[in-house]
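Subject: Structure handover and findings

Dear colleague,

Please find below the structure for your work.

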Amino acid sequence: MPVRSVLEAIRDALREEMADDERVFILGEDVEEGGVFRATDGLLEKFGAERVMDTPLAESSIIGVAIGASLNGLLPVAEIQFADFILPAVNQLISEAAKLRYRSAGDFTCPMTVRSPYGGGIRGGLYHSQCVEALFAHVPGLKIVCPSTPYDYKGLLKAAIRDPDPVLFFEHKKTYHLLRGEVPDRDFTVPIGKAEVRRRGDDLTVFSYGLAAHYTMEAAERLSGEGIQATVVDLRTIQPLDRATIIDEAKATGKILIVHEDNLTGGVGAEIAATIAQAAFEYLDAPIMRLAGPDVPAVPYAQALEDWYMLNTDKIADAMRRLAAY
Amino acid sequence: MPAFVMPQLGESDVEGTVLRWLKQPGEHVRADEPLVEVETEKVNVEIPSPFEGTLTSVLVQEGETVPVGATLAVIGAATAEEMSAVPPPVPTPAPEPAAVTAPPAAARNGATPPVPPAVAQPDGGRYSPAVLRLASEHQVDLNRIRGTGMNGRVTRKDVQAYIDSGGLRGAAVSPPAVVAAPVAAPAVELPQPATPPPATPAPAATDEEIVKPSATRLTIARNMLRAAQSIPAAWMVVEVDVTKLVRLRTALKEEFERREGVSLSYLPFVIKALAETLKEHPMLNSQWRDDQIVLKKRVNIGIAVGSDEGLVVPNIHDADRLSIAGLAHAVVDLAERARTRRLRLEDVQGGTFTLDNTGVFGSVVSQPIINPPQCAILSTEAIIKRPVAVDDAIAIRSLMNLCISFDHRIVDGSHVGPFMQAIKRRLEAYGPETGVY
């Protein structure tokens, strides 16, 4: 099976979906040139200017146009250059895209995909490093996907493009070149809403997603050598959460750690913790623990401060050790 | 003040471990009243207090091991009269810790109970929900478990290890499965044996050998006897063409195993078809109870799993709510835990229908015995390629027999026939377009 980076897997998914279905088109800032991360590189040449369209620097209009196009039978893939810039489009996303199916009693849906790079660790500074998934996880009607492996990036992006409802597809920008893995050349999808158990152990269960899921796997492998065996669940989809898997895997060990880069308060971990506390109370063997970014307004720019903000394998391994020992 | 020391409980004992204090500092204790539970190499015993008085301070905490003769606690006399009534104190004088003093009389007699001082047990006697649940399910006395968690905390794994090591008492020692804890189970799910075992078994003749059955074997024997004696069972068999299912599974299994980490057998497909059909034919998901038919609203499908100890039947609860992939995980999980004796009580309770894969033994027809008090049991037989007539031509097809034994009090052939046809239809409908998620 060919080995692909995350970025290549994304580009493959876009190219295959555009080739398979002529309703699929791309719009966003600088996408004609391939985008700032090169995700759409080569697509203009292959599919032409009607299907790969540059837009003004106006995110609200990017999403608004995409919603309109989807209502007219197209399958838009909108790129928001950095997740930090999605905020001007919040009204379109929450007031329009999320509500279309509901307010039309199912007569209209919004089969739009919004791709956007998020997360820190590349010295992007305050405005190119944020995690925004928790802001949208509160909104019923939106689906939110945060994959971690190249395989899942391809399979989930294809699933997102084919999904009849709006999907926010968040791509951790640090993983674009960092993570490589086997990805089939053929067509396949990974279901939205299903978590993946990456490894199993009986000492504790760690839930994570995105870059943090990758670090968590590294930490789990390291701890395995110390005799601590962890189950690692990669959530992959943030909305809707795979609550059945979360509850099952929480019950299996009774010691739960939730790890995400997004800041702690009101984060995705809070919802997972509440779900487990309610459905698996009698199985808990320790307080549910969260390891998340600190509650500061943004990821700092200075190297030392960014390191302080960001998760890494050491920090996760420490938290896992403490919980295993509890 | 009199000191209370670690006694020599056995000839060769040189040390003992304090398991549990039965009195807290500040409490009054009578002479010969059990004061502490101690574990030595050989025994666990409750040690009575040699004196009457007030337990002033505890010097050895729970879980600590100290040599014979070491001072465990100091017992202060409550009154002068009481002092004079007790024998002279043990010669070893106890150092009285300055920080710990007897609570004032006002506190002892006041409305609020005396609060143990800071030397109380490390975890404060508090346990996590998981620990309490396990202990209650397996009737484990948590005071017998030495914690390995933070500050000596008893963890879920400590309890599990204790259970796995056979630390249970009495009937609960038996392996998992239907037998795990008859007392804890509702009577209707785990009925009493139809015939009590004979009090004195006949001795072996010279040309015989007696094999003592395991607890699991005995339970199987009782349940099977009860089923055979009390359920008027009839059975039938239908032939299913699973050619398309075989192709589907062959196409999926490699990728499935890679993605899911478990192999994809035929069983999840059969369970799926069975669960859907049970929702459609609720009379088969029932039991006969006191001249009434009780329909079970949940579909909990028991899977017969063979192990060295015998057959156990853990259940997939709410099997109708799982995808084929979910069922595949559930089957592997239950089978694995059945074989490693890690089933929980809930796994073996609440079954509403049983599925038995006799095909693995090469069987092509079988007459399974109903798992009481359920209405019916289904067996899947070996898949065999045979030449059959298809549209007036001879074709090679993969065929499998499905056998069912059913409680003829509850249902007749006119119920079971359509039920079996519905399962057959579902199994034959599996094909390349079937998704497993």
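In what follows, buried means under 20% relative accessible area, exposed over 50%, and partly exposed in between, with a 1.4 Å probe and protein chains only. Helices (H or I, at least four residues) and strands (E, at least two) are DSSP runs, numbered from the N terminus. This is a predicted model, in which local features need pLDDT of at least 70 and side-chain atom pairs count only at pLDDT 80 or more, while totals for chains, interfaces and linings use all residues. Residues are numbered from 1 along each chain as its sequence is written, chains are lettered from A and ligands numbered from 1 in the order in which they are written, and side-chain values use heavy atoms, with hydrogens and water left out.

Chain A and its helix α7

Chain A has 13 helices and 14 strands, and 58% of its 326 residues count as buried. Taking contact to mean heavy atoms within 4.5 Å, 82% of the contacts in chain A between residues at least 6 apart in sequence join residues at least 24 apart.

Helix α7(A) is mostly covered, with 12 of its 13 residues buried. Among them are Y151(A), D152(A), K154(A), L157(A), K158(A) and I161(A). The expected span of a helix is 1.5 Å times one less than its number of residues.

Salt bridges

A salt bridge here is a side-chain nitrogen of Lys or Arg within 4 Å of a carboxyl oxygen of Asp or Glu. The structure holds 51 of them over all chains.

D152(A) forms a salt bridge with R198(A), with the closest N and O atoms 2.5 Å apart. This pair links distant parts of the chain, since D152(A) belongs to helix α7 and R198(A) to strand β9 (residues 196–199) of chain A, 46 residues apart. D152(A) is buried at a relative accessible area of 2%, whereas R198(A) is partly exposed at 26%.

D187(A) forms a salt bridge with K158(A), the closest N and O atoms being 2.7 Å apart. D187(A) lies in the loop between β8 (180–182) and β9 of chain A and K158(A) in helix α7, so the pair ties together parts that are 29 residues apart in sequence. The relative accessibility of D187(A) is 39%, so this residue counts as partly exposed; K158(A), at 0%, counts as buried.

In chain B, the side chains of E276(B) and K272(B) meet in a salt bridge at 3.9 Å, N to O. The two residues are four apart in helix α7 of chain B, and so are separated by about one helical turn. Back in chain A, salt bridges that share partners join E16(A), E17(A), K154(A), K158(A), R162(A) and D187(A) into one network.

The interface between chains A and B

Buried area is the accessible area (1.4 Å probe) that two parts lose on being put together, summed over both. Chain A and chain B bury about 1700 Å² between them, 43% of it on carbon and sulfur atoms. In chain A, Y283(A), D285(A) and Y326(A) lose the most area to chain B, together 32% of what that side buries. The contact takes 23 residues from chain A and 17 residues from chain B.

Four salt bridges are found across this interface. In one between the chains, D203(A) pairs with K157(B), the closest N and O atoms being 2.5 Å apart. The elements that give two or more residues to the side of chain A touching chain B are α7 (150–162), α10 (243–253) and α13 (313–325) of chain A.

Helix α8 of chain B

The 16 residues of helix α8 (residues 324–339) of chain B should span 22 Å, and the end C-alpha atoms are 22 Å apart, which agrees. Its buried residues include I324(B), L327(B), V331(B), L334(B) and R337(B). Among the elements that cover the buried residues of α8(B) are α6 (243–260), α7 (267–280) and α9 (345–348) of chain B. Just after α8(B), R341(B) takes a positive phi of about 55 degrees.

Strand residues D407(B) and R386(B)

D407(B) is in strand β19 (residues 393–407) of chain B and counts as buried at 1% relative accessibility. R386(B) lies in strand β18 (residues 384–390) of chain B and counts as partly exposed at 33%. The C-alpha atoms of R386(B) and I396(B), 10 residues apart along the chain, are separated by 5.4 Å.

Yours sincerely
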